[in-house]
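Hi,

Here is the structure I promised to pass on. Please have a look when you get a moment.

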Amino acid sequence: MPGPEGRATGPASAPRTFDAAPARAALERLLPRHARQFTLVPDPAAGPDTFTVSGRAGAVTVRGSTGATLLTGVGWYLQHVAGVDIGWPGDSLGMLPATLPAVPEPVTRSAKVAHRYALNDTDDGYAGPYRSFEEHRRQIDLLALHGVNEVFVQVGAEYPYYRALQGFGYSPEELRAWIPGPAHQSWWLLQNLSGFGGPVSERLMSERARLGGRIAEQLRSLGMTPVLPGFFGTVPPEFTARNPGATTVAQGDWAGFDRPDWLDPTSPVFRRLSAAYYAEQRAVFGDSTMYRMSPLHEGGQTGTVDVKAAAGAIQQALHAAHPGAVWAVLGWQDDPTAELLAGVDTSKLLILDGLSDRYNRLDREARWGGTPYALGSIPNFGGHTTIGANTSVWIDRFAAWRAKSGSALVGTAYLPEATGTNPAAFDLFTDLAWEKDPVDQRAWFAAFASRRYGRPDAQAAAAWEELRTGPYSTSSGMWSESQDSLFTARPSLTATGAAYWSPKSMRYPAGSVRRALDHLLRVAPAARGSSAYRFDLVDTARQALANHSRVLLPKIKAAYDAKDLPRFRELRAQWAEGETLLDTLTGTDPNFLLGGWLDAARAWGADAAERERNEYDARSILSVWGRRSTSEGGFLHDYANREWNGLISELYARRWKVYFDTLEEALERGAQPRAVDWHAFEEEWARRTTRHPARPVGDAYATAARVAAALPAAPAAG
């Protein structure tokens, strides 16, 4: 059960000093021009997760209980004293004065909850399966700056499986064919699929394992917990035939894929294999105190396995390798079940609630029997480039759920399926655990508008007030993300969304984003120079244009249904112009470029064949997702749609052009439109190796102004 003030239980230990050098190195990376004006003082006796900020102009002192907490203190100072933002993405550091301002009086903050977890199991697949160590280190720096202390590490997780299973009757070649490509490994670890995007080379796995080990060590150096994948029984085909005494359960289908088999955790073979797995993992990743596992994720089959006994055996195997380690399980759909919870020591379990803000009438203590859990949110699915989050729900429930009698809430869990979008959502969610008083949503967004661009600006404040009351005030009940774009949808006159599992209509008044765009364009020139302003301007213009697709498509349908060919041609031309403008707009900011995504994948290839295999892995996750049965029968095509330069022009705009051509031909001939095999069309795109810009081109402000000029003005807010 949770300890005092929502802290996890465990043996008390005397405060230990630590080396502040890793935090200092991170500070040098984050603030190269101002790092010397900070003094970082290790203060492990201050209490868990506590920092104090003080100092005069040009000489700021931060005391903290860990290296990461020192950086959280720096982040608090930048946000509340210096008035600038280091967001994810975008910053306003260029607005810092040469001499940093003094702290009016010393400020001490302690985290309200012990667990501040980050990263969905899918982040590696949807946010960047081919990232470099420098990119991962930047992510760690940002997470520490924003108060996170537990981070899921997936990179290289295939390697312990690869090594351990060779001792259980499998050849290296068989295992390399079973393990999927990096972009699809997230779902293999969730026991949803195998093989797709491979075979992977031993060199690629070894390099990814070394990268994962470096990421884990970087986290440890800052006093953060690397959360590693645990072993719960995923095995290749024919395991029982090669391992007498083993019992496996076929897991059936997941979205058109055959799921890997599940080895009964109560069998002696499981104990041996789990011991081998953890030994191989330790050799590369070291030890941790938290391991991530979700058996039977999204519909696995139990067969004759006793789930209660199996859960106990999984935890026993974990504790045999890592005594006292916490098992982190995702709260999603029906998981974790009552049977699983009944079989484990729940004081060593942490439920990462992925549905805290999605549905109503939730009672987590009753549902999970008082098991410790973290309030979580998935404000992004598939890496969609869509603005918004249920921020008012976060604020209300974090305060109310902590305050309720018998509360088991001990943490927060930031769980977008892909990070690197929605910087306001990231900032606000991570602030929940550190703000002394309950967050006032309106005041928070007003302050965010000021620091986001490094100075107060009335137009910036007005823009963010529109965004606050629109996409950032969506309600619970069904969704935790906003609608995606019809420009990215598979063509149909009745399309209501691109991803099958996403909202089918607007979740907020579209006028809020349209008015926000006008306000951002009127921000004072002195506040326009930051990467934060550029990203927000491009993102808001992109969203305004995407929302307009939901106005334009019904007009095209009406013209087609009326057999009004001139009107149809006029409107399809407007649609094409919108997509061209959208492609140009997204090309002006580095966060919206297909080219960088593809170049990163190819950079991990040792030869031409591997480079092309990696590129297919990276392209397919954005388009077909998997094989035809997955794309069509599993409805996963366009699940990871996003409005990126290059992706818009080469896939989405071409797809809509082909479709509108068929409709125009049908109107001309008075016949039914010819059918198009969209999966074949998308698969052909995924097999391409065309290159795209990896650096932004053009003027973001001028292009955003073109978007505003092309769109109808929004009525005044009422």
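Below are some notes on its salt bridges and a pocket.

This is a predicted model, in which local features need pLDDT of at least 70 and side-chain atom pairs count only at pLDDT 80 or more, while totals for chains, interfaces and linings use all residues. Residues are numbered from 1 along each chain as its sequence is written, and side-chain values use heavy atoms, with hydrogens and water left out.

The structure holds 53 salt bridges (a side-chain nitrogen of Lys or Arg within 4 Å of a carboxyl oxygen of Asp or Glu). One of them joins Arg602 and Glu615 at 2.6 Å, N to O. That pair links distant parts of the chain, with Arg602 in helix α21 and Glu615 in helix α22 (residues 608-622), 13 residues apart (helices being DSSP runs of H or I, at least four residues, numbered from the N terminus). Glu615 is buried, at a relative accessible area of 0% (buried means under 20%, exposed over 50%, partly exposed in between, with a 1.4 Å probe and protein chains only). Both residues belong to a salt-bridge network that also includes Asp599, Arg619 and Glu650.

Within helix α6 (residues 172-178), Glu173 and Arg176 sit three residues apart, about one turn of the helix, and their side chains meet in a salt bridge of 3.8 Å, N to O. Glu173 is partly exposed at 49%, whereas Arg176 counts as buried at 19%.

As for the second largest pocket, 39 residues line it, with Ala127, Arg131, Glu135, Pro590 and Asn591 nearest its centre (lining residues have an atom within 4 Å of a point on a 1 Å grid; a pocket is an open set of points where a 1.4 Å probe fits, with protein on both sides within 12 Å along at least five of seven lines). Helix α4 gives the largest share of that lining, five residues.

Best wishes

Terms used:
Helix = DSSP H or I, 4+ residues; strand = E, 2+ residues; numbered from the N terminus.
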